Every structure is written in C-alpha cells, then in structure tokens.
Amino acid sequence: LSETAGKVFLVGAGPGDPGLVTVRALELLARADVVLYDRLIPDGILGAVADGAELVYVGKTPDRPGISQSQIEELLIAHARAGHQVVRLKGGDPFVFGRGGEEAEALAEAGVPFEVVPAVTAGVAATAYAGIPVTHRGLASAVAFVTGRPGNANDGIDWDALARFPGTLVFYMGVRELPVIAERLIAAGRDGGEPAAAVRRGSWPDQQVVEASLADLPARVAGAGLEAPAIIVVGPVVELRERIAWFENRPLVGSRVVVTRARAQASGLVDRLRGLGAEVVEAPTIRIEPSIDSAEVAAAVDGLAVGGYDYVLLTSQNAVRLLFEAIGRAGLDARVLAGAKVAVIGPATAEALAAHGVRADITAERFVAEGLVEALAGEDLEGRKLLLARAAGGRRVIADAVSERGGLVDEVVLYSTVAEQPDAEVIEMAAGADFLTFASSSSVTNFLGAMDGRIPSGAKVVSIGPATSATLRANGIEPDAEANPHNLEGLIQALLSLHP
Ligand code: SAH
C-alpha cells in the first residue's frame with residue numbers, strides 16, 4: 001500500500017448537539033478530501049471541512065428517495081481508489097442502525113482500507129438529554145436497542161422476548177409504528193402502565209419529549225403531532241425525568257436569539273447563549289477586514305521598534321490582535337512595547353493585550369472613545385508621541401483631544417469594519433426572534449439595513465452600551481435592556497433580566 005493510498009473513515013457525528021461530535025471526527029473532517037454525509041448531522045459540523053474538499057449529500061429527503069445504499073458503497077470505493085481520504089459521515093453512531101456495518105463489509109470486500117469512528121448514539125443521547133438514564137441501579141440493569149420498524153420483513157422481532165426483557169427498551173425509527181409496537185408489547189405481556197416516552201430531535205435546540213404510559217403513548221404522540229426522528233423509551237427509568245430533566249430547564253430554552261456580531265467575534269457569545277438553552281441565529285452583519293499590509297502600519301511598527309512612542313492607545317480587541325500580527329510579521333514581539341505606556345478601552349481589550357504578555361497601564365472605565373480621553377486626563381501629554389491604533393472611519397475624538405493637549409499623535413488604521421449581508425435563510429429565522437442582541441453601532445445599522453429597517457415584532461432588543469443604544473434610538477428603536485458592564489457577560493445578564 002502506498003502512502004497516498006485512499007482510505008475511508010466511517011464516522012459518527014453524534015445525535016445533533018455539535019458539542020457531542022468527537023475530537024477524532026473533527027480531525028478527520030478537517031483533512032478529508034471528500035465527505036459523504038446524511039441528513040441528520042449536527043448544525044455547523046460541515047464547517048470543519050477544509051476549503052476545497054468535496055461535500056456530497058447522500059441522504060434521503062422525505063419526498064426523494066436519495067441515492068441507493070449500493071450507489072453509496074460504490075462512491076466510497078471509487079473515491080478511495082482515486083487516492084482520496086474519504087469521510088462517510090453519519091448521524092449518531094455509524095454501527096447502530098446506521099448501515100455502517102454494510103458499508104464496512106463492502107469496503108472489506110473491495111480491499112479498500114477503512115476505519116470506524118464510533119459516536120454518541122441517539123438511544124443514549126436523546127434519553128440522557130430528556131433526563132432519562134437508560135440504566136439505573138434498582139430500576140434497570142439492562143438496556144435493549146431495538147429497531148422500531150417491525151413491519152420490515154425479516155427484522156424478526158421476538159415480541160415475547162422483548163416483553164420479558166428485564167430492562168429498558170429503546171426503539172429507534174419507531175414513531176410511525178408506535179401503535180403496533182405498544183400493542184405487540186402489551187399483547188406479549190409487557191405492562192401497559194409502564195412509563196414510556198418519545199424523545200424527538202434529542203439534544204437539538206428544539207428537542208421535544210412526550211411522556212405517557214406505554215398504553216397511552218401512541219395516542220399522546222399522535223396528539224402532540226410528534227414525528228420522526230424520535231427515540232421511544234419504555235421502562236421505569238422514564239420516571240426519573242421528573243426529578244432530573246435538565247435540558248428543558250435551562251433559562252433560555254424556547255427562546256430564539258439573534259447575534260449580530262462579526263462571526264469571528266461572536267463565538268464566545270454564541271456558545272454562552274446556546275449553553276443557556278437558546279436557539280441562536282448568527283446574523284453576522286459586519287466583518288473585520290484587516291489592513292495591516294499598508295506602509296502606514298509598517299512605519300508604525302518601525303516606530304515602535306525604535307522606541308519612538310511614549311504611549312500606545314488601543315481601542316479594541318481587534319486592534320490588539322492585528323497590531324500584534326503586524327509586529328509578528330516584522331519579526332518582532334511584545335518587547336517593542338517595552339518603553340511605552342499602553343492604554344486601552346475596556347477590560348476585554350485589556351484581556352486581549354494580557355494574552356500577549358502585556359499589562360495595560362491605563363484601562364478606560366467607559367467603553368467609548370471619550371472614556372479613553374478621560375482615562376488619559378492624569379497624563380502629561382505635552383510633546384509626547386502617541387500611537388493610536390484603530391479602525392478605519394472611526395470618530396476622531398481621541399486624536400483631537402490628545403492633540404489639543406499637546407500630544408503628537410500618529411494614527412494607524414489596522415482594519416475596517418465592512419457590512420456583511422446575512423443570507424435569506426438567516427433573515428427569515430431572525431424574523432421570528434425573541435431577542436435581538438447588538439454589540440456595536442455598526443451592527444445596528446447593518447442589521448436594520450438587511451431587515452429593511454424593521455425589527456421583528458415581539459422581539460426584545462438588548463444593547464451592549466450607550467453608543468449602541470443611541471444608534472438604536474436614532475433608528476426609532478428603544479432598547480429593552482442595556483448591558484452593564486458593557487461587555488458580553490453584561491449583555492447576557494441584560495438579556496436574562498428580560499426573560500420571564
Ligand atoms: N446511527 C444513528 C441511528 C440512525 S437510525 C444513531 O446511532 O443514533 C435513525 C433513527 O435514529 C431515527 O429514526 C431516530 O429514532 C433516531 N435518532 C437519530 N437522531 C435522533 C435524535 N437527535 N433524537 C431522537 N432520535 C434520534
């Protein structure tokens with residue numbers, strides 16, 4: 001076998017929560033040449049695939065049968081023989097009702113090398129996210145995973161054995177046949193009063209759970225309009241849910257929250273909101289476009305290198321990040337700041353700076369340009385040289401104030417904030433939002449532009465601070481809450497304060 005020989009990885013993607021995807025799966029996705037994927041895979045996981053890799057959807061859709069199993073197997077073999085690293089990505093675990101075993105057989109037969117990457121299977125995950133442990137001391141000492149399609153020929157379900165099974169029964173693909181499943185189990189002697197539940201889209205933000213006795217579950221599921229994909233679980237463990245359900249009890253469950261930050265900056269906020277149970281819609285309306293290749297930036301870095309500045313003023317985390325990138329590209333490091341006092345706006349900027357091993361000498365209390373001017377009040381700036389690193393098109397508040405006090409300011413533009421148009425799907429999702437969050441004035445302007453100036457009725461508006469609130473008011477929108485402190489944690493607290 002040559003080094004460049006192709007290989008197939010049969011990879012499980014877990015039940016839906018992107019946090020349940022294995023490290024191994026992400027590694028393989030990042031270096032795959034081709035990814036063949038199904039319908040029920042976690043949101044955003046394909047984002048782990050490298051640019052230029054081929055993505056092939058091989059799943060079924062309700063109205064379209066999709067490509068056949070043997071065609072999928074042929075594709076896997078063909079790609080591997082062409083020397084590709086192939087990821088075959090499946091929902092849940094590849095070997096639990098996933099036909100991964102059949103694909104492995106086909107690959108083995110064809111002499112194509114392959115590996116299997118197991119994953120969190122829905123029978124364990126959907127139940128866990130519903131607060132139902134599939135085994136429990138004293139309640140269930142065994143668990144059976146069963147296909148819920150007894151109608152399919154040859155599945156050969158032994159209902160008598162299942163009825164007698166001393167433990168929890170977990171049915172996959174069982175929604176449609178639920179009336180038959182319940183009836184057969186009860187006819188074979190399982191107690192119709194036994195606790196049971198259906199968990200639809202377990203671990204997804206819109207997870208739905210219906211609980212009833214085994215005898216009543218079919219009617220209750222039909223009444224709730226609950227459809228596939230769902231796990232049906234039968235056993236006394238279902239009752240534990242009453243005490244240990246956790247997923248639905250998080251504070252923002254059932255709320256849709258729009259995040260309008262630039263994508264690169266939003267991830268912390270998005271993760272926090274998701275962790276609180278929110279359904280998060282990322283509507284990045286701005287993008288940070290670095291401009292550190294300019295002669296101006298090179299001159300500023302040279303100036304720093306020769307100790308030419310008494311003060312370095314940094315207005316944002318992006319300014320910190322990009323100044324250090326420019327310094328690094330010049331083959332230099334944080335020591336170029338050794339002789340200067342460094343002043344920043346806001347603790348988040350101070351933290352970003354600290355991550356580079358530099359402690360801010362001055363941190364503006366107020367997170368606006370005027371705040372930095374105030375923070376410099378105690379400094380004697382007469383004849384001092386200052387480097388102001390900032391975004392393009394920003395206000396001239398700082399430079400003007402500093403010059404007035406006799407300081408000699410070099411301004412250097414490290415990036416611009418460019419409007420980004422959210423796509424149609426995002427706009428549609430945003431229209432049904434419960435909360436809109438704004439972390440800057442430009443995100444207000446750009447979001448309103450994308451939404452034709454209207455915000456969804458019923459959505460509560462949360463602003464990160466006074467400047468953003470002012471822009472909202474200028475557009476006729478009164479924020480429902482303003483963060484204090486004016487940072488992401490403050491924004492989250494402000495949002496939670498609005499939540500009933
Ligand atoms: N290989 C997958 C199962 C595929 S069969 C695994 O290991 O999980 C498809 C069935 O899985 C669905 O009909 C449903 O019963 C179940 N399923 C998959 N994802 C689910 C989820 N998030 N919540 C509940 N059931 C799910």
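Helices α2 and α3 are oblique to each other, a word used here for angles that are not under 35 degrees (roughly parallel), over 145 (roughly antiparallel) or 65 to 115 (roughly perpendicular). This is a predicted model, in which local features need pLDDT of at least 70 and side-chain atom pairs pLDDT 80 or more, while totals for chains, interfaces and linings use all residues. Residues are numbered from 1 along each chain as its sequence is written, and side-chain values use heavy atoms, without hydrogens and water.

Let's stay with the helices for a moment. Helix α2 covers residues 69–81 and helix α3 residues 100–110; they pack at an angle of about 45°, with axes 10 Å apart. The axes are lines fitted to C-alpha atoms over the stretch in contact, with angles from 0 to 180 degrees between N-to-C directions. The crossing of α2 and α3 is right-handed, meaning that the near helix is turned clockwise from the far one by less than a right angle.

Now turn to the ligand. Around the ligand are 18 residues, each with a heavy atom within 4 Å of it; Asp93, Val96, Thr121, Gly202 and Ala230 come nearest. A polar side-chain atom of Thr121 sits 2.6 Å from a ligand oxygen, and a backbone N or O atom of Ala122 is 2.8 Å from an oxygen atom of the ligand. On Gly202, a polar backbone atom lies 2.7 Å from a ligand nitrogen. The protein buries 91% of the 540 Å² that the ligand exposes when taken alone, by the Shrake-Rupley method with a 1.4 Å probe.

Definitions and conventions. A polar contact is a pair of N or O atoms within 3.5 Å; within protein, one must be able to donate a hydrogen and the other to accept it, and residues adjacent in sequence count only if both atoms are side-chain atoms. Helices (H or I, at least four residues) and strands (E, at least two) are DSSP runs, numbered from the N terminus.
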